[in-house]
Every structure is written in C-alpha cells, then in structure tokens.
Amino acid sequence: MLRFNAIRTGYLLGISLILAAIIYFFASNWGGLDRTSKIVLAAALIVLFYGLSFVFARIRAVPGQQAFLSNMFLVAGCIAFGVSVALLGQIYNSHADSYGLFFIWSVPALLLSWITRYNPFYMLSYVLIHLGLWLYFYPTMQSAPYSELVSLSIAGMFAIVNLLLFLLTFLHRIHSAPLQYMSFTVFHIAMLAMTNSFAFDEYGLIMNIPHIAVIALGFYIFTKVQLNKTLLTLNALALSAFAVFKFIELAEAYSSSLFFVFGLIFVALLLTGNVWFFRYLNRLGKTPPEAGEISNEEKGSIAKSDTGTTDISTSKTETTVPEERGSEWISKTVSRVIKVVGVLIGSISLIGLIMISTNVNHTEYVLLVVSLLLMISMIVIPESKLDSVIRYTLLTISYITGLAAILWSDQTLLSVLFLIVSIAGWFRSKGKRQLFFAYTFVNLNLATILFQQYQEWDGGNWTYKFIIFSLFIVNAVLYGVSYFIFKTELKEHLRNSSLFFSLLFLFWATFFEDVIPHSYMFINIFYFVIVTGMVFAFARLQQKSEAITSVVFWFIFIGFKYYDLLWTLLYKSFTLALLGVIALGLTWWADRRMAHSGKVAFDADHRSFSFMRLSPLLIAIVIVLQLGIIGYQTAKSETLLATGASIKLKLAPIDPRSLLQGDYVALNYDISTPPSKTPLQEEEWSRGKVKIVLTPDSQGVYVADRLYQDGEKLTSHEVVLNGQWYGSRILYGIENYFIPEGTGRTVEQNAHFAHIRVSRNGDALLERLAES
C-alpha cells in the first residue's frame with residue numbers, strides 16, 4: 001500500500017506541476033501570443049484535460065491507476081476552466097481577482113460536485129464560493145466603508161452559510177469529512193469575529209451569548225448524541241480561542257494588578273482544562289464490558305457512520321469507538337496550540353503584574369530576578385515532584401520574561417548570567433520539542449549579548465550582519481562538537497538543533513548585500529554547494545533527520561532565489577512544465593515496474609472507479625457549458641471592441657499583482673469622483689448602480705459632467721458610462737490593465753491616458769493605455 005500511495009503521489013505531483021506551469025505562463029502575459037491565440041490555447045487546454053480524463057477512463061495503460069488519473073484530470077479540467085476565465089479577464093482587462101471570476105468558476109465545480117460526490121470538487125467549490133463572497137464585500141485594492149451593523153451582517157452570513165454546510169455533512173446529506181471539518185472551523189471563526197468588541201462596540205458583547213451557546217451545544221451533541229472526537233477537539237479549540245480573545249479584550253479595558261493575577265489564574269485553568277479534556281477524550285467510548293458479557297465488537301454490532309462516528313443512542317454498551325482518521329494528530333495540534341497560547345498569556349500577565357505592582361525605579365531588574373528564580377526552581381525541582389506540563393510551561397514563561405528583562409535592562413553582565421541559566425535549562429530539558437525550544441532561547445540570548453556589545457558599529461549597519469555570521473559560526477562549531485559527545489540523547493538533539501540554526505543563519509546571510517566585493521555571490525554559491533553536498537552525504541549515511549533538514553533548506557533556497565532573483569514567470573512556467581513531465585514519466589516507469597513484478601495494488605474506495613465512465617453524459621454537458629461561457633464572454637468582448645465608441649480618459653496608475661492573472665496596473669480615473677455639478681453628502685453614497693454622462697473637453701479627453709437621469713436626451717458628443725458607487729468613488733469595471741511581467745514601472749511613468757470602448761448601453765472595455 002505504501003508503494004501504491006507513492007505512485008499516486010507521483011502522478012498527482014506531475015499533474016500539479018503542469019497546472020502550475022500553465023498558470024505561470026498565462027500570468028506572464030507573454031507578448032508573443034495575440035488575443036485569438038491565447039483564447040484558442042485556453043479552450044484547447046480545457047478540452048485536453050477533459051479528453052485525458054475520458055481516455056484514461058477507457059484504457060488500461062496504467063494498471064491500478066487509470067481511474068485515479070481519469071478523476072485527477074477531471075479536476076484539472078475544472079481548474080483549467082478557472083484559469084481560462086482569468087485569462088479572458090487579462091485579455092480584456094476585466095477586474096483583477098474579482099468576485100465574478102470565482103463565482104463563474106464555481107458553477108462547473110458545483111455541478112461536478114453534485115455529479116461525482118468527489119471531495120476535491122467539494123473543496124474546490126467551497127474555496128471558490130468563499131473567495132467570491134469575500135471579494136464581493138471586500139474587493140482587492142479598495143477600501144470598504146461599512147457600518148458596524150453591515151460588517152456584522154457580513155460575518156453572520158459567512159457563519160450561516162458554513163453552519164448549513166456543516167449540518168448537511170453532519171446529517172450525511174453530503175458525504176465529505178474535509179468539508180465537514182472546514183465548514184465547522186470557519187463557522188466558529190465567523191462567530192468569534194462577531195464577538196469582537198474592538199470592531200463592534202454596540203453588538204460584540206451581545207454576540208458572546210450565541211457563541212457560548214453553540215459551543216456548549218457542540219460539547220453536548222458530540223459526546224451525548226453522536227460521539228465524534230475530531231469535532232469535539234475542534235469544539236474545544238473554539239472554546240479556547242473564545243476564552244483567549246475575551247481575555248485580550250478584558251486586558252485592554254481593565255488592565256490592573258488584580259487583572260493580571262486573574263490572568264495567571266486563567267492560564268492555570270486553561271492548561272489544567274487542556275490536560276483534563278484530552279484525558280477525558282481518550283477515555284470516551286472505552287467502557288470495558290461487564291464480566292461474562294460478549295463485547296459488541298465481537299458481535300459486530302457497533303453502529304458506525306461513514307465519517308467514523310458512533311451513534312451512542314443506538315449502541316450504549318460498546319467497548320471501543322473507532323478513531324476517526326486524523327483525529328489523533330488534530331488532538332495533538334490543538335493541545336499544543338492551547339499550550340502556546342497559555343504560555344503567551346502567562347508571560348504577558350507576569351510582566352504586566354510586575355510592572356504595575358512594583359514601585360521601584362528599575363522594574364526590569366525585578367522582572368529578571370523573578371524570571372531567574374522561576375527558571376532555577378524549574379531546573380532544580382526533581383522530575384518526579386512536578387508534572388511535566390507545569391514544569392515546561394513555567395520554564396517557558398521564565399524564558400520569555402527573562403529575555404524581555406535583559407533587553408530592557410541592556411546590561412551585558414545580566415545577559416551573560418541569564419545565558420548561563422538558560423544553558424543549564426537546556427541540559428535539564430527532556431524531549432525533542434523542549435530541548436529545541438530551550439536551544440532557541442540560548443541563541444536569542446547570545447544574539448542579545450552580541451547586540452549589546454557591538455550595537456555602535458558603523459551606526460548599527462554592520463551589527464546585525466556580524467551577529468548573524470557569529471551565530472552561524474557558533475552553531476557550526478557546536479554541530480562539529482556534537483560528534484564527540486558520548487551521551488546519545490544529548491548528542492542527537494545538539495546535532496539536530498545546531499544543524500538547523502547553522503543553515504538558518506547561513507541562509508539569512510545569503511540576503512546580505514556585498515560586505516566585500518562579490519561577497520553576495522560567494523555566500524550564495526557557498527550555501528548552495530554546502531547544502532547540496534549535505535543532502536547527498538546525509539542520504540548516503542542514512543542520517544534521516546539531518547537529511548530532511550538539509551533538503552528543506554535546499555528547497556527554501558531554491559524557492560526564494562528562483563522567484564525573487566533569477567527567472568521570469570515565463571521561464572518558470574517552462575521549468576515547471578518540464579519538471580511535471582519528468583515526474584509523470586518517472587512515476588509511470590515505476591508504476592510499470594510494479595505491474596511487471598505483480599505488485600499492482602487496487603483499493604476499494606470510491607476513487608477506484610472513473611466518474612467520466614459512470615456519468616459521461618452529465619459531465620459532457622458541464623464541459624459544453626464551460627466552453628459556452630468562454631465563447632460567450634469572448635464574443636461579447638470582441639463585439640464591444642469592434643462596435644463601441646472610442647473615448648479617452650485621464651488616469652493615475654499603481655502597480656500590484658493578480659493572484660492568477662499576473663501583473664497589472666490599477667487605474668484611478670478623474671471620472672472616479674462624483675461630477676462637480678452633482679455634489680453629494682457622504683450619507684447619500686451607496687453601493688448602488690449609477691450612470692455618468694461624459695463629455696469631451698477642449699483636448700478631446702472625456703470628463704464626468706453629471707449623473708444620468710432616466711429618459712434624458714443626450715447630445716451627439718455625450719456618452720453614458722455605467723458605474724457603481726463604492727464609498728465616495730465610482731467604479732466602472734475598467735480599473736485594471738494587465739501588462740507583461742516586469743513592465744509596471746514603465747507603464748506607471750509613461751501612461752497618462754486610457755482609451756476606452758463604450759457600448760450603447762453604457763458598458764465599457766479598456767482597450768489600451770497611452771502617453772497622450
């Protein structure tokens with residue numbers, strides 16, 4: 001099964017790389033293709049992916065994987081449609097990353113979700129609809145002047161949509177565990193946002209009541225009605241997030257000595273509740289059978305749902321409850337998040353308490369003494385006398401408060417003292433995470449000492465470079481020393497931690513400008529050669545953790561330098577396409593070898609059959625619909641370009657980048673402000689539609705003259721343009737002009753006017769930019 005999943009991963013990686021190459025290619029806006037070629041290419045890609053889905057549904061070229069590949073190419077076809085819609089927006093300069101793009105894209109995704117019941121389509125539809133809704137209310141590059149009540153209503157709409165989706169999945173009307181967990185999480189995020197007293201002065205306090213109610217209801221349902229450990233864990237995380245957010249609100253409003261005392265009590269309760277909850281979670285569903293009783297597991301009568309839940313109402317005496325897939329790592333993640341939050345609140349509370357309650361002139365020294373006493377106590381007390389969670393929580397709080405104290409005091413001697421105690425804390429720590437965390441603070445402490453000693457170098461310009469190089473050397477030396485330490489556990493953790501920080505600081509140094517002539521190039525080459533050598537050396541020596549660390553830093557280096565410093569989007573697209581083809585080729589070769597060796601694996605889940613084979617007619621209708629949308633939008637835009645009236649407008653551009661469509665300039669027209677003949681009060685502005693009458697000035701540039709009134713007669717030289725109020729501005733749908741990558745600065749400097757095509761009904765299309 002491991003090889004079987006590896007083969008699928010290889011195919012998925014190859015397809016993903018090719019899709020990324022297509023997106024990069026179109027986003028580059030290469031000038032070598034005209035409008036017609038781009039549109040034909042986009043439609044051809046849609047047909048290609050759906051065609052491959054059909055082909056793999058009918059042939060057996062890849063035994064055991066043809067159905068999987070058919071379904072993946074079906075998903076790729078839907079993604080290619082979205083890229084094609086984005087390309088049309090780029091060609092005809094429609095809104096960048098507009099809500100319309102994602103809503104149109106969601107139509108075939110929803111239809112294919114209904115036809116196939118396939119999780120990738122469910123999640124794609126979910127993401128697209130939420131992106132569309134978000135961009136409808138909060139467009140890119142534009143502010144949204146909403147009142148508190150309107151903002152609250154928007155958050156409430158997201159909450160209701162996700163609650164309905166969750167109920168549909170929880171009641172098994174839709175069978176998708178990922179959609180269930182995603183909708184449940186976003187529902188609670190929306191509910192938490194509605195309780196925000198900082199944003200909603202009038203309504204935030206009231207909204208606490210329904211949020212508490214749904215959290216309490218969740219605990220009851222997921223324990224007493226239908227046991228679901230994953231949802232129960234997520235519900236506990238929602239409760240923790242709510243408690244922490246309310247603590248922050250109260251801290252802002254009622255900060256005092258007494259409040260910070262309650263803050264420390266809150267941390268204790270939070271961490272105690274965390275421990276208690278997960279112990280309780282582990283006991284759920286594990287009631288042992290009475291003596292002489294045959295367990296329900298032996299009878300095979302435990303009621304299960306397709307998402308791994310157990311209906312308690314129909315099975316009261318079960319001995320085990322099947323764990324949901326992923327519930328264990330979700331529980332661990334949630335537990336760690338709660339611990340980190342508790343540590344942060346505890347640190348803030350301790351610092352705040354000392355600052356408010358101390359009457360001495362140098363509070364930082366009191367803070368340092370308290371942190372040192374707390375740290376030494378946690379180091380000295382034997383492990384058998386104190387729970388490990390309490391020990392490491394208090395030790396971490398002492399690290400954070402002590403670091404704040406030495407930064408505040410700016411005394412090197414005190415920093416050295418704290419460094420010595422920190423090193424002792426590292427020696428006393430047990431466990432990978434605890435040792436790594438302590439080692440991290442040792443590095444921060446050492447960086448503080450270096451900064452305190454050399455902060456005056458060259459006005460501070462050399463200081464941070466010296467610190468980074470020094471920390472690299474220290475960690476590199478410690479990595480070498482780790483090979484001569486005989487204590488196995490300490491040796492392993494010192495080696496892993498020092499290697500990580502050596503590569504981290506060396507990678508940081510690759511961004512330094514030339515310290516000496518050509519040092520930038522030398523450091524980058526040195527980093528690449530060293531890390532590449534480590535990858536092969538550690539792999540050959542079978543040192544797994546070091547190999548993983550070096551591989552991760554190798555890819556990080558390639559990613560940063562590749563994107564920011566080397567090639568354009570066009571060359572990246574060719575590289576990604578080549579890598580995709582290589583990945584597919586190697587995976588196919590490995591798949592064929594498995595087939596010849598008789599190790600072909602099949603699984604019995606819904607992915608082992610092709611949706612294209614089961615529902616070809618319905619899918620064909622969806623494909624025709626997608627091509628029809630592309631054709632209709634193309635015909636409409638080309639007609640407007642051919643027949644619309646040509647006018648010239650004055651503009652002022654800026655230079656952002658679209659998610660799918662590449663570089664563009666966002667245009668602010670003179671006509672974006674209300675006509676001077678019709679001054680409006682701020683309370684009259686709305687998001688409603690509006691028509692503006694444009695007239696040419698003495699230079700032939702059209703300016704806003706007045707608001708159009710229904711039935712009004714226009715002169716021969718006047719033009720009506722459709723717009724929409726957005727706060728104090730009017731948007732016309734022609735605010736974006738897509739350009740080849742890297743040309744934004746030139747356009748900003750040279751473009752002063754926009755040439756527009758306007759149809760008889762007032763729709764506009766941006767044709768080109770010009771200097772005059």
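Reader: Which residues of α6 are buried?

Author: This is a predicted model, in which local features need pLDDT of at least 70 and side-chain atom pairs count only at pLDDT 80 or more, while totals for chains, interfaces and linings use all residues. Residues are numbered from 1 along each chain as its sequence is written, and side-chain values use heavy atoms, with hydrogens and water left out. Helices (H or I, at least four residues) and strands (E, at least two) are DSSP runs numbered from the N terminus, and buried means under 20% relative accessible area, exposed over 50%, partly exposed in between, with a 1.4 Å probe and protein chains only. On that basis the buried residues of α6 are S151, L152, I154, A155, G156, F158, A159, N162, L165, F166, T169 and F170.

Reader: What covers the buried residues of α6?

Author: Contact means heavy atoms within 4.5 Å. The cover of these buried residues includes α5 (119–137), α7 (177–194), α8 (204–225), β1 (226–227) and α9 (229–254).

Reader: How far does α6 reach from its first C-alpha to its last?

Author: Helix α6 spans residues 148–170, 23 residues in number.

Reader: Which backbone oxygen does the side chain of S70 reach?

Author: S70 lies in helix α3 (residues 66–91) and is buried, with a relative accessible area of 0%. Leaving aside neighbours within four places in sequence, S70 is in contact with S53, F56, A57, S610 and M612. At 2.7 Å, the side chain of S70 reaches the backbone oxygen of S53.

Reader: How far apart in space are G218 and A236, C-alpha to C-alpha?

Author: G218 is found in helix α8 and is buried, with a relative accessible area of 5%. G218 and A236 are 18 residues apart in sequence, and their C-alpha to C-alpha distance is 9.1 Å.

Terms used
Expected span 1.5 Å × (residues − 1). Polar contact = N/O pair within 3.5 Å; in protein donor to acceptor, adjacent residues only side chain to side chain.
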